[in-house]
Amino acid sequence: MATDAPSDATPTEDAVRAALATVNDPEIHRPITDLGMVKSIGIAPDGAVAVGIYLTVSGCPLRETITNNVTEAVQGVAGVTGVSVELDVMSDEQRRELRDSLRGGKAEREVPFAQPGSLTRVYCVASGKGGVGKSSVTVNLAAAMAADGIKVGVVDADIYGHSVPRMLGTADARPTQVEDMIMPPSANGVKVISIGMFTPGNAPVVWRGPMLHRALQQFLADVFWGDLDVLLLDLPPGTGDIAISVAQLVPNAEILVVTTPQQAAAEVAERAGSIAVQTHQKIVGVIENMAGLPCPHCDEMVDVFGTGGGERVAEGLTKTTGTNVPMLGSIPIDVRLREGGDDGRPVVLTDPDSPAGASIRSMAGKLGGRERGLAGMSLGLTPSNKF
Ligand SMILES: Nc1ncnc2c1ncn2[C@@H]1O[C@H](COP(=O)(O)OP(=O)(O)OP(=O)(O)O)[C@@H](O)[C@H]1O
């Protein structure tokens, strides 16, 4: 960043610090000056600047990015003739301070999304059967929302098929840890944390209920999500322990039910959705996936999995819950959606106007853009007797 100082003047420390304030930590997305990452600034009479930077952890995978960004920012200051960056690593004490400041001064773990003032909408994506496209829908909704400028995160809590990182293009990413705080990797503008990032190789997860509960609590409380507009949780299929844990940890989470049009799948999906009655959660709607395959020769729809499942589930859940559970939309079978999932390139980004892409984008618009209403939310105010 250029200043008004004449270019032959020695740069001031304030000007260098102002330039450093424009550099964000690539994982925490906050200025390095606010995170206690600037260790020292040395300015030689000839305009050469030496900056000392604390990394949060040794072997930080983003050390090169940070070095480059710092160099570029300081180089732009008037009078700077050269920049050298020396990296150091935070002490345990500094890391603890950083963690506490990221938690808003609170040392204890709490789930930010469950706090009364939280403005993050939390959606649990649930299905009855496996393989109906729950993860594909989650990933594409998230990518479409991010493309619309919404700050979105995904928790992949599907212990049986943790496929979200691959579908989002972060298959090999591992989160960085600052003390007991976890920095989620991000791809296509979506922050993501997956149970698969904490299991060696492709090992199956054989955790029982209490362990799953703890893992989920960690994903919600110990991951540094920043200010999210929307958090999507990809749940395992069925009515298992995880759904109950989510209800306990984030009682205001709303449920999105994914089904195929098939009668059998719809019945199971309805059962999975109706767990919301017991947990007192709201079902935001039903998404029907794999709703017909356009014939490649004549474009006529072939109803591979039958028809009407989504509507049946929506009607059934409306009756069971006594609230209006709408059908949010239908997604046809589309080979581009499957390929995009395999390649980590969501179809909503690669083929946004394909029938599948357009349908998911439209639902993402509704779910992401809906008023983050204060209705039903405690504002922490005491009613006045004046009126
Ligand atoms: N509309 C669609 N068109 C074509 N392929 C699809 C569609 N929806 C999902 N698929 C494919 O079906 C397979 C299963 O989808 P996905 O993994 O999203 O299901 P899931 O319900 O999350 O499964 P599980 O519960 O077992 O994790 C994937 O290979 C995915 O690419």
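Angles between 65 and 115 degrees count as roughly perpendicular. Keep that cut-off in mind for a pair of helices discussed below. The structure itself is a predicted model.

Start with the overall layout. The protein chain falls into two parts: domain 1 spans 13-90, and domain 2 spans 114-369. Their centres, taken over C-alpha atoms, are 39 Å apart. Seven residues from domain 1 and six residues from domain 2 make up the contact. On the domain 1 side, four of the touching residues are nonpolar, two are polar and one is charged.

Strand β1 covers residues 38-43, and strand β2 covers residues 48-55. They run antiparallel, joined by five bridges. Val38 has Ile53 of β2 as its bridge partner. The hairpin of β1 and β2 has four residues between the strands. There, Gly47 adopts a positive phi near 95°. Strand β2 also pairs with strand β3, residues 82-89. This pairing is parallel and has eight bridges.

Two helices come next. Helix α1 is formed by residues 13-20, and helix α2 by residues 63-75. Their axes lie 8 Å apart, at an angle of about 135°. That angle makes α1 oblique to α2. The crossing of α1 past α2 is right-handed. Which residues of α1 and α2 meet? Val16, Ala19 and Leu20 come from α1, while Val70, Ala73 and Val74 come from α2. The contact of α1 with α2 has six nonpolar residues, no polar ones and no charged ones.

Move on to the open sheet. It has eight strands, in the order β8-β9-β5-β10-β4-β11-β12-β15, and the pairing is mixed. Strands β8 (186-187) and β15 (327-331) are at the edges, each pairing on one side only. Follow β15 to its partner. Strand β12, residues 283-289, pairs with β15 in the parallel sense over four bridges. Within this pair, Glu288 has Ser330 of β15 as its bridge partner.

Helices pack on this sheet. Helix α10, residues 309-321, touches β11, β12 and β15. Its direction makes about 160° with that of β12.

The contact can be read residue by residue. Helix α4 brings Val137, Asn140, Leu141, Ala144 and Met145. Helix α13 brings Ile360, Arg361, Met363, Ala364, Leu367 and Gly368. By class, the residues of this contact of α4 with α13 are eight nonpolar, two polar and one charged.

Methods. Residues numbered from 1 in each chain as written. Predicted model: local features only at pLDDT ≥ 70, side-chain atom pairs only at ≥ 80, totals over all residues. Domains from an automatic or database assignment. Contact = placed C-beta atoms within 7 Å. Nonpolar A, V, L, I, M, F, W, Y, C, P; charged D, E, K, R; others polar. Pairing = 2+ DSSP bridges. Axes fitted to C-alpha atoms, helices over the stretch in contact; angles between N-to-C directions. Parallel < 35°, antiparallel > 145°, perpendicular 65-115°, else oblique. Left-handed = near helix turned anticlockwise from the far one by under 90°.
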